[in-house]
Amino acid sequence: MRLSEIQSKDIITLDGKLVGNIIDVVNKMALAHPDVRIKLYNEDKLIFQTSGNGNLLEIIASVYGYDTAKNMIKIDSENADFKITGYVGKFNISKASRKYMVTILNGRAVRMLPLQNSIISAYKNYIPQDRYPIAIINVETDFQLVDVNVHPSKNEVRLSKEESL
């Protein structure tokens, strides 16, 4: 079969890793935009959906499970340059990977390593050394404070005035 003859349905069926990557992207989109209704199908089977009602905690329950959602703490803070909202996990829940630390900048899921490292540092005395907290952090700021030229794929950013974040 030539590549031009392969339908997206065939690719998704053949490559489980691709399905996992798609689910990861859709999960991040849902966490970044809880006000958007999302449905994801694989082989005509509904595998993920959100209501679009704007309730981020409901999205967290859909993505990470009800037990995780009920152990999250709401955050909401702002200064002259940044508005930060979202949820962080209580100390009794942690994961083996950083992938459960989702940082969203102006509606787009990106890696913000200094912010992630600050969160990890805040938890270091409360969770095992080889574990990571769960966090969904939404940062809103002026686009002029954002440097997207950190990584070729533009998925990692740095911020001017990062120390005030």
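Mentor: Start with a definition: helices (H or I, at least four residues) and strands (E, at least two) are DSSP runs, numbered from the N terminus. Residues are numbered from 1 along each chain as its sequence is written. This is a predicted model, where local features need pLDDT of at least 70.

Trainee: Where does N106 lie?

Mentor: N106 lies in the loop between β5 (101-105) and β6 (108-110). Its phi is positive, about 50°, although N106 is not a glycine.

Trainee: Why does N106 count as partly exposed?

Mentor: Because its relative accessibility is 25%. Buried means under 20% relative accessible area, exposed over 50%, and partly exposed in between (1.4 Å probe, protein chains only).

Trainee: New topic. What is the strand order in the open sheet?

Mentor: The order is β3-β4-β7-β5-β6, five strands with mixed pairing. Two strands pair if DSSP finds at least two bridges between them. The edge strands, β3 (72-78) and β6, each pair on one side only.

Trainee: How many bridges join β4 to β7?

Mentor: Seven, between β4 (residues 82-89) and β7 (residues 135-141), which run antiparallel. I84 stands opposite V139 in β7.

Trainee: Which strands does helix α5 touch?

Mentor: Helix α5 (residues 113-123) packs on the sheet and touches β4, β5 and β7; contact means heavy atoms within 4.5 Å. The α5 direction makes about 140° with that of β5. Axes are lines fitted to C-alpha atoms, for helices over the stretch in contact, and angles run from 0 to 180 degrees between N-to-C directions.

Methods:
Predicted model: local features only at pLDDT ≥ 70, side-chain atom pairs only at ≥ 80, totals over all residues. Heavy atoms only, no water.
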